[in-house]
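I opened the model today and kept notes as I went. The entries follow in the order of looking.

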Amino acid sequence: MKRSSVWKSVVLLCFLLIFSATGTIFANGSSETVAVSDDPYINAVRDKLQGTTITIASMSHTSSNAMREMVGEFTAETGIKVRWDIMEEGLLREKILMDHHAGTGTYDVLFLDAFNLSQYSAVDVMIDLKPLINDSTLTPSWFDYEDILPAYRDGVGSYGGVVYGIPVAGESRFLAYRKDLFDKYGKTPPVTTDELLETAKFFNEEVDGVYGIAMRAQKGIHFASGWMTLMYSLGGQFLDQKTWDVLVDSPATVDSLKYYVELMKQGPPDISVYTHEEAISAFMAGKTAMWIDATAIASWILDPSKSTITDKVEFAPLPAGPVGAYAPLAGWSAGISSDVSDTQKEAAWAFIVWMTGKKHSLEYVHDGGVIVRESLLTNGELVAKDKSLPAQLLTMKEAANLVKDGIIWIPPHPKAIKVLEIVGNYGNDVLSGISTPEKAMEKAQTEVEMIMNE
């Protein structure tokens, strides 16, 4: 073998080894065939950008998988080729930051976790998409940005009033309940947190073989996550999101813990070890009258191969607390790197418009993408297949209330996860009878202050 050939083989091997360690590269839609379109916008994109290749940094997710299913059609229409770098979520965040700091411009489209937007925006990782959205030559009417649910637009794709991404996936939390049991005992879905606790107590104390509710309560971050589902509606917060003062031992936060512990006592006796998996499993097995958790996993309850109560369940938004009707919010969006050239920026935006626009939204959902548009939550075809969608729409309006009040469900601070671990440990101690709410939160306050001041 010639020396040059050996050298080329070594270089190729190194390239493959690098990407096998850091991510998976997929090239999709590489066909040279370009379809003729009757859409003036598509024709303009094809005439200007045909032959351009964009690279996407993405996590492995049902929504990115749906786009990969659709990308052949996108390339056939626009002539834009697409390369994917698929990786684990933590690695995705690190690679996005490393690429930006190096200024290499490796990636054009970035999949962005809403939790990390504050970190990204501080170092100008992404561009502001608002000028592109408002430019009718770059954004066709069928994109319909306003159809995206306000909670997702403002709470997942935006930060500090700047639009950094177009939402592609997300979730909130809502209530599922056993309609057969509620009808039998003359109960209605609770609309306040007081009614929620009363209803849980009724089933736990008065109905044999059925506990009141299933939720997350395992020590650490799972307990904190479950508690936070209702905490904001009860007036509590762990951190002031403007000053970053620690509010763990504030009266409102302690009272919200007392409420959550009392609610968890109406669940199965082993609820103190429940993550989302144990909670939904208990509900699907018919052990509890109610369940509160993520909208994204409600499909499990409606799957007769997983659930024994598929035909007995209904859904409702979270009950309102004394300070408001709030619901959690998390999600992903697609943005554009600030390190790309003008041509790459336009090609990246064309990809985002095509994939996330209203025109292809039903195809996106059929391929496994997560609903982020109001028109889909009210789509008759989809509602007929998933009866939880009307309740999801109401829940997303509650999530929008949280965003309007300037609160991000998981505080956008680099130390937030450690804070949640601490308060979740002490909260579980209260449920287990190891400590009182006041003493537990006093200790947690001290530890969190130490963490925040490091």
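**Notebook: from the whole chain to single residues**

I began with contacts (heavy atoms within 4.5 Å). Among those in the protein chain between residues at least 6 apart in sequence, 76% join residues at least 24 apart.

Ground rules next. I am working on a predicted model, where local features need pLDDT of at least 70 and side-chain atom pairs count only at pLDDT 80 or more, while totals for chains, interfaces and linings use all residues. I number residues from 1 along each chain as its sequence is written, and side-chain values use heavy atoms, with hydrogens and water left out.

**Entry: whole chain**

I looked up the secondary structure and found 20 helices and 12 strands in the protein chain. The radius of gyration is 24 Å, close to the 22 Å from the globule rule for 454 residues, so the chain is as compact as a globular protein of that length. For the record, the radius is taken over C-alpha atoms, and the rule is 2.2 Å times the number of residues to the power 0.38. Helices (H or I, at least four residues) and strands (E, at least two) are DSSP runs, numbered from the N terminus.

I then took the extents. The C-alpha trace spans about 75 × 50 × 50 Å along its principal axes.

How much of the chain is buried? I find 53% of the 454 residues in that class. My cut-offs are under 20% relative accessible area for buried, over 50% for exposed, and partly exposed in between (1.4 Å probe, protein chains only).

The accessible surface comes to about 19,400 Å², and carbon and sulfur atoms hold 53% of it. I used Shrake-Rupley areas with a 1.4 Å probe; for residues, only the protein chains shown count as cover.

**Entry: strand S8**

I turned to S8, residues 173-178, and found six of its six residues buried. Arg-173, Leu-175 and Tyr-177 point one way. Phe-174, Ala-176 and Arg-178 point the other way, and all are buried.

Which strands pair with S8? I call two strands paired if DSSP finds at least two bridges between them. S10 (residues 288-294) runs antiparallel to S8, with five bridges. There Phe-174 stands opposite Asp-293. S11 (residues 313-316) is also antiparallel to S8, over four bridges. On that side Tyr-177 has Glu-314 as its bridge partner.

**Entry: strand S12**

Six of the seven residues of S12 (residues 330-336) are buried, so this strand is largely enclosed by the rest of the structure. I traced its pairings. S4 (residues 109-113) joins S12 through five bridges, antiparallel. Phe-111 is bridged to Ala-334 in that pairing. S7 (residues 166-171) is antiparallel to S12 as well, again with five bridges. Here Pro-167 meets Ser-333.

**Entry: the loop between H6 and H7**

I picked Ile-148, in the loop between H6 (130-133) and H7 (150-155). Is Ile-148 buried or exposed? Ile-148 is buried, at a relative accessible area of 1%. Not counting residues up to four places away in sequence, Ile-148 touches Arg-153, Ile-166, Pro-167, Val-372 and Arg-373. Pro-167 is the residue I had noted as a bridge partner of Ser-333 in S12. Lys-358 is 210 residues from Ile-148 along the chain, yet their C-alpha atoms are separated by 8.7 Å.

Asp-144 is in the loop between H6 and H7 too. Its phi is near 55 degrees, positive in a residue other than glycine. I have Asp-144 as partly exposed, at 26%.

**Entry: Trp-244**

I found another positive phi, about 65 degrees, at Trp-244, which is not a glycine. Trp-244 sits in the loop between H10 (221-231) and H11 (251-264). With 24% relative accessibility, Trp-244 is partly exposed.

**Entry: Glu-438**

Last, I checked Glu-438 in H20 (residues 437-453). Glu-438 is partly exposed, at 40% relative accessibility. Which residues does Glu-438 contact, leaving aside neighbours within four places in sequence? I found Val-254 and Lys-258. From Glu-438 to Tyr-211 I noted 227 residues in sequence and 27 Å in space, C-alpha to C-alpha.
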